Amino acid sequence: MAEVRLFCILLLLAVCTAVRYEPNWESLDARPLPSWYDQGKIGIFLHWGVFSVPSYGSEWFWWQWQGQKIPAVVDFMKQNYRADFTYADFAPMFKAEFYNPDQWADIFNASGAQYVVLTTKHHEGFCNWPSKYSWNWNAGDVGPKRDLVGDLANSIRKRTNIHFGVYHSMFEWFNPLFLQDQANNFTTQNFVRDKTMPELYELVNNYEPDLIWSDGDWMTTYDYWNATNFLAWLYNDSPVKDKIVVNDRWGNNARCKHGGFLDCDDSYNPGTLQKRKWENCMHLDKYSWGYRRRMKYEDVLGMQPLLQEMMETISCGGNILINVGPTSYGEIPPIFEERLRQMGEWLKVNGEAIYGSKPWSHQNDTVTPGIWYTSKNGSTGPVVYASVPQWPENGELFLGAPMPSSSTKVTLLGYPKIFDFNPGVSGGLTISIPTISVNDMPCQWIWVFKLEGIKN
């Protein structure tokens, strides 16, 4: 009986002393970032919605057509659709008839990505789940007539160990409630009360995501969006309070300052080590996040520049979130699938230098350009990984940053033999590169040398 009482006292003590986060940035920013995010390094971003039907220009199609009135977009509509056609008329065409979330999950698993972020609602306001707060403008009521968000979440959790995240735009271009709040100089919060916040709570409670990627914040402050109150609930009382990760897009005075990790701007890549965890969200189609029917082969980022950007990002302490745009009929275009699978094959060889790595004392080499470093703690000291973008043609590779010792060992990930090297006169080392047959080369792009037993 005494043991039971002691257990109850300890349990009560634990509950009473549990950290509670207050709805202010000083408290919220003190919350430790769940470790899975930094360890995972690589994510897949998915921009999918009604904009995938016209698939012209970009995912901003509606705004380009009826907000900016860009002539090329206006002409596209005049030439291809009846005069009284509205953007809402695209929704029934968003059928996702070939959508197979199991297949998507398998592609993402093959890519080596550790998390996936699905657009649940972009600035057009269409919800990819049957939301109670978006009547007749959601995937349950019109178009696919199914829960696109829930189906993918279930497949990912059933078939992979990938973390599932949701993108959500807080504002909507043409929502009357938002436009009225905007006209009132954001002194009213009817849109936030009746639309933004109910949707966010619904997403968290229904799907229990590991990550919330907020967007659409830039017109006004976090006070209007009621962001700190939502985050305090998310961290203290939500069903995902122990695992959830968020970004920084909670208001134009919070971006690049507050939140779980910083993504600041699209394709943010500072190229130097940052004090806080950050993310580089970037797209394989150089001109759009959403699918474009006019996308050409040369518009798609190749594997060499993709991997180079990955290494630069991770060397500087960031994560990389790689975007692909699915089609309106629910398939990932083959060229995107190819890139993802190629990335997965490369990571099978070189993932040791990526997953769970930390920035080294030098992010890039002090002498040879294009070489980026990551590090880990080895059994006998630090292990440093040097990513080399071009295979050395003269049989030598000089690295200026590492300081070798008598116990230094140099290997190439995916290759079984040890490499000879010579210490530099004033530091660094020159690695001797033997002739390696094509069949023995571990990968096609970006080779990673592993350095053990160095002094720095």
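## How to read the model

Residues are numbered from 1 along each chain as its sequence is written, and side-chain values use heavy atoms, with hydrogens and water left out. Because this is a predicted model, local features need pLDDT of at least 70 and side-chain atom pairs count only at pLDDT 80 or more, while totals for chains, interfaces and linings use all residues.

## Helices α6 and α13

Helices (H or I, at least four residues) and strands (E, at least two) are DSSP runs, numbered from the N terminus. Two packed helices are described by the angle between their axes and the distance between the axes. The axes of helix α6 (residues 101-111) and helix α13 (residues 334-350) cross at roughly 40° and come within 6 Å; axes are lines fitted to C-alpha atoms, for helices over the stretch in contact, and angles run from 0 to 180 degrees between N-to-C directions. That makes α6 oblique to α13, since angles under 35 degrees count as roughly parallel, over 145 as roughly antiparallel, 65 to 115 as roughly perpendicular and the rest as oblique.

On the α6 side, I107, F108, A110 and S111 take part in the contact (heavy atoms within 4.5 Å), and they meet E337, L340, R341, M343, G344 and L347 of α13. The residues of this contact divide into six nonpolar, two polar and two charged, where Ala, Val, Leu, Ile, Met, Phe, Trp, Tyr, Cys and Pro count as nonpolar, Asp, Glu, Lys and Arg as charged, and the others, Gly among them, as polar.

The 17 residues of α13 should span 24 Å at 1.5 Å a residue, and its end C-alpha atoms are 24 Å apart, which agrees; the expected span is 1.5 Å times one less than the number of residues. Several residues of α13 are buried, including I335, F336, R339 and W346, where buried means under 20% relative accessible area, exposed over 50% and partly exposed in between (1.4 Å probe, protein chains only). The buried residues of α13 pack against β1 (42-46), α6, α12 (303-315), β7 (318-324) and β15 (447-452).

## Aromatic pairs around W62

A search of the whole structure finds 53 aromatic pairs; rings of Phe, Tyr and Trp (its six-membered ring) pair if their centres lie within 6.5 Å, and planes under 30 degrees apart count as stacked, over 60 as edge-to-face and the rest as tilted. One of them joins W62 and W137 in an edge-to-face arrangement, with 6.3 Å centre to centre and 65° between the planes. W62 lies in helix α4 (residues 61-66) and W137 in the loop between β2 (115-121) and α7 (148-159), so the pair ties together parts that are 75 residues apart in sequence.

W62 also forms a tilted pair with F174, at 4.8 Å centre to centre and 45° between the planes. Because F174 lies in the loop between β3 (163-169) and α8 (176-183), this pair ties helix α4 to a part that is 112 residues apart in sequence. W62 is buried, with a relative accessible area of 14%, whereas F174 counts as partly exposed at 27%.

## Two loop residues

D263 lies in the loop between β5 (245-246) and β6 (278-283) and counts as buried at 0% relative accessibility. Not counting residues up to four places away in sequence, D263 touches W213, N247, D248, R249, Y268 and E279.

E22 lies in the loop between α1 (2-17) and α2 (25-28), and is partly exposed, with a relative accessible area of 45%. With the neighbours up to four places away in sequence again left out, E22 touches S27, L28 and A232.
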